[in-house]
Amino acid sequence: MDISRQVFSRSVRMGISYVIISVIMGTIVTSGLNAAVKFGNLTSTNGSTVNIGNALGFLIVPMGALAGLVITTPVYLLFVADKNAGVLEYLLAVGMNQRDLFLGYLKASLMLSLLALAPVVALNLAFMNGGLSQSLLVAGLAVGTGLADVALVTVLMTAFSSMQRKPTGMNSPVGITIGVFLLMPEVFLLVLLGPAAVWVDGAVAGVLILVALGLIFSLDRLIQREKLLP
Amino acid sequence: MHSVSVKVKEPAIYVILGPNGAGKTTMFRTIAGVLKPSRGNVTLEGKDLYQSSELRHQIGYLSHYSALPEEMTVTKALGFYGGIEGGSAQAAIDSLGLRELASKKVSDLSQGQKKRASIAKLFLRERKLYLLDEPTSNLDPVAAKEVRDKLLEIARDRFVLYSSHNLYEAQEIGDYIILIKNGTIGFFGGKSELKAGGYKVGIRASADLTTLFPAGSKEREYFVISVKGPDEVGEAVKKIVKSGISIYEVKEMGNPLEDLFTVTP
């Protein structure tokens with residue numbers, strides 16, 4: 001039994017404003033930063049020109065990943081609503097287990113995230129700043145970081161909303177807050193390191209993927225069935 | 001709950017009786033495989049239910065919650081489950097005569113209507129075991145009877161476990177009664193074996209009823225008589241009316257279930 005398609009379509013229907021805002025956000029951020037890469041020259045007081053484009057180009061990675069994270073908010077809200085309405089309890093009773101349920105919401109989050117990341121990839125390849133290899137690198141890092149961050153946040157959201165005793169879902173956004181927080185070092189280090197920050201981007205994506213995979217494999221211990229009851 | 005051991009062998013309606021907080025819902029969740037028993041196991045056809053998704057798929061479970069996505073219409077909500085666990089939304093709608101609710105949003109339904117729609121999801125497909133946690137709460141008498149009739153039909157060849165805190169409902173529908181007392185099974189047997197506490201009914205009438213019911217007693221404005229069950233109330237009312245006395249009110253003076261939990265059946 002796979003509930004990911006149902007979770008995806010319900011999330012899109014119920015959270016259409018999140019979808020529109022995130023797709024616009026991904027589009028504007030990628031277009032704006034790519035434009036800055038092309039035309040962004042600063043003239044210093046001594047008359048020399050500094051190209052800020054190379055550094056700004058890599059900002060697409062955390063900002064694109066952020067759009068990919070924001071679009072998944074309806075999935076987390078839906079998880080809490082389904083838990084409180086007894087939908088998760090019923091699905092457990094008819095044969096699903098906690099792993100099936102979690103993976104259903106995770107797959108839906110990743111599918112939604114790809115919706116917001118699609119314009120990031122397409123526009124990056126359209127601008128082709130720094131050649132094909134750099135465009136592919138930036139797009140790939142944005143997708144990798146975004147999906148890994150979403151996977152991590154989905155585990156955290158499930159764990160946090162399951163931990164609380166009051167069924168109001170108040171703790172569910174804590175996961176998203178942590179997901180946003182994890183992307184921030186990429187922004188700051190970019191300012192400090194310039195283009196060399198691509199290594200930091202790669203390292204952050206790698207760590208996020210490893211942590212997310214580790215948490216997914218420990219799901220049965222992290223999430224007990226009784227924590228999914230209303 | 002502790003030391004609970006129950007074996008049901010023949011298709012029938014087994015009513016699980018107990019006051020609020022007795023552990024009926026915990027027992028249902030454990031049987032349904034939603035909760036893991038801290039000790040022991042729950043088996044269906046000799047196999048552990050908690051471990052087997054295939055066996056749990058044979059269970060129909062109705063909890064206290066509607067478990068219907070609020071944003072959907074009744075048809076779509078049932079179709080949502082049909083898409084996940086299999087079965088036909090239309091068949092479920094027809095099974096409880098819900099056509100008038102089919103196109104209504106779940107969030108717009110009254111509590112009773114939600115309950116009916118929620119019960120309908122059990123009829124998406126055939127199952128071996130039906131677990132219904134207080135299915136008639138929030139239902140009007142007509143809808144409650146409809147549900148009970150449907151369950152009586154199912155119980156001819158399948159197992160139905162039905163929880164309630166209403167002794168009269170249990171006696172009406174149940175073939176067997178499982179009484180939960182102090183977190184364990186206080187009684188398990190046929191309903192005829194259950195010795196309920198005294199059923200006291202107060203009658204406010206236009207004349208004294210001592211001559212008709214010498215064993216009765218006066219309690220404030222009511223004349224209180226003891227009967228074995230609801231059937232005897234009708235007999236008593238007929239007797240009073242026949243004698244030309246007007247009845248103003250008939251009232252239950254005590255909950256026999258309370259007595260049941262203080263005496264050993």
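Mentor: Start with Glu45(B), in the loop between β2 (43-44) and β3 (47-48) of chain B. Strands are DSSP runs (E, at least two residues), helices are H or I runs of at least four, and both are numbered from the N terminus. This is a predicted model: local features need pLDDT of at least 70, side-chain atom pairs count only at pLDDT 80 or more, and totals for chains, interfaces and linings use all residues. Residues are numbered from 1 along each chain as its sequence is written, with chains lettered from A and ligands numbered from 1 in the order in which they are written.

Trainee: What is the phi of Glu45(B)?
Mentor: Positive, about 55 degrees, and Glu45(B) is not a glycine. Most residues other than glycine have a negative phi.

Trainee: Is Glu45(B) buried or exposed?
Mentor: Glu45(B) counts as exposed because it has 10 C-beta neighbours inside 10 Å. The cut-offs, with C-beta atoms placed from the backbone: 20 or more others within 10 Å is buried, 12 or fewer exposed, in between partly exposed.

Trainee: And where is Arg220(B)?
Mentor: In the loop between β10 (217-219) and β11 (222-227) of chain B. Arg220(B) also has a positive phi, near 50 degrees. It counts as exposed, because it has 8 C-beta neighbours inside 10 Å.
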